[in-house]
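Here is a short report on a single protein chain. It starts with the overall build, then takes helix packing, the core and a few individual residues.

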Amino acid sequence: GHDEFRSRYNLAVHTYNQGVRQFKAAEDDLDAIDGALQDAAVLWRAAASQLELAISIDSKRSKGYEALAIVSEALLNQDRIEWCKANLLEMGSR
């Protein structure tokens, strides 16, 4: 059967990586770096949304939280990082 969690997770990972590639492509061009960061942030927010959907589908898979923590770090979203860590800690105690 179709694994919707995995589909959303994979889409999020590819979207996040595309943002990383766009940002890195402009890294050596100071004039382009602000625009590249803004463009990357759009992709990273889309990746975060897909990961949040994946987690809502199956909240017992730790890799969803791990990936969302990484994306949240790129977006400087400390509250979401702490939420992911708390969920991972709870999952580890089961």
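Contact here means heavy atoms within 4.5 Å. With that cut-off, S62, Y65, E66, L68, A69, S72 and E73 of α3 meet R80, I81, W83, C84, N87, L88 and M91 of α4. By class, the residues of this contact are eight nonpolar, three polar and three charged. The model is predicted.

## Overall build

The protein chain has four helices and zero strands. From the N terminus on, the order is α-α-α-α. The C-alpha trace spans about 50 × 30 × 15 Å along its principal axes. The chain has 94 residues, and 31% of them are buried.

## Helix packing

Two packed helices are described by the angle between their axes and the distance between the axes.

| Helix pair | Angle between axes | Distance between axes |
|---|---|---|
| α1 and α2 | about 170 degrees | 8 Å |
| α2 and α3 | about 155 degrees | 9 Å |
| α3 and α4 | about 160 degrees | 8 Å |

Angles over 145 degrees count as roughly antiparallel. At about 160 degrees, α3 is therefore roughly antiparallel to α4. The crossing of α3 with α4 is left-handed.

The pair α2 and α3 packs at about 155 degrees, so α2 is roughly antiparallel to α3. Here, too, the crossing is left-handed. On the α2 side, the contact is made by W44, A47, A48, L51, E52 and I55. On the α3 side, G64, Y65, A67, L68, V71 and A74 take part. The classes are 10 nonpolar, one polar and one charged.

The pair α1 and α2 packs at about 170 degrees, and the two helices are therefore roughly antiparallel to each other. The residues of their contact divide into 20 nonpolar, five polar and three charged.

## The nonpolar core

Which members of the largest nonpolar core touch the most other members? They are L51, L68 and V71, out of 18 residues. Helices α1 (4-25), α2, α3 (62-74) and α4 (78-92) each supply at least two residues of this core. The largest share, seven residues, comes from α2.

Leaving out residues up to four places away in sequence, L51 touches Y9, A12, G64, A67, L68 and V71. L68 and V71 are on that list, and both also sit in the contact of α2 with α3. L68 is also listed in the contact of α3 with α4.

## A buried threonine

Is T15 buried or exposed? T15 lies in helix α1. Buried means under 20% relative accessible area. T15 has a relative accessible area of 15%, so T15 is buried. Apart from neighbours within four places in sequence, T15 is in contact with L43, A46 and A47. A47 also takes part in the contact of α2 with α3.

## Exposed positions

Exposed means over 50% relative accessible area.

D31 is in helix α2, which covers residues 30-57. D31 has a relative accessible area of 76% and is therefore exposed. D31 and L11 are 20 residues apart in sequence, and their C-alpha atoms are 30 Å apart in space.

D79 is in helix α4. With 66% relative accessibility, D79 counts as exposed. D79 and Y9 are 70 residues apart along the chain, with 21 Å between their C-alpha atoms. Y9 is one of the residues that L51 touches.

L76 is in the loop between α3 and α4. What is its phi? L76 has a positive phi of about 60 degrees, although L76 is not a glycine. L76 is exposed, because its relative accessibility is 76%.

How values were computed. Residues are numbered from 1 along each chain as its sequence is written. This is a predicted model: local features need pLDDT of at least 70, side-chain atom pairs count only at pLDDT 80 or more; totals for chains, interfaces and linings use all residues. Side-chain values use heavy atoms; hydrogens and water are left out. Buried means under 20% relative accessible area, exposed over 50%, partly exposed in between (1.4 Å probe, protein chains only). A nonpolar core is a set of buried Ala, Val, Leu, Ile, Met, Phe, Trp, Tyr and Cys residues joined through side-chain atoms within 4.5 Å. Axes are lines fitted to C-alpha atoms, for helices over the stretch in contact, and angles run from 0 to 180 degrees between N-to-C directions. Angles under 35 degrees count as roughly parallel, over 145 as roughly antiparallel, 65 to 115 as roughly perpendicular and the rest as oblique. A crossing is left-handed if the near helix is turned anticlockwise from the far one by less than a right angle, and right-handed if clockwise. Ala, Val, Leu, Ile, Met, Phe, Trp, Tyr, Cys and Pro count as nonpolar, Asp, Glu, Lys and Arg as charged, and the others, Gly among them, as polar.
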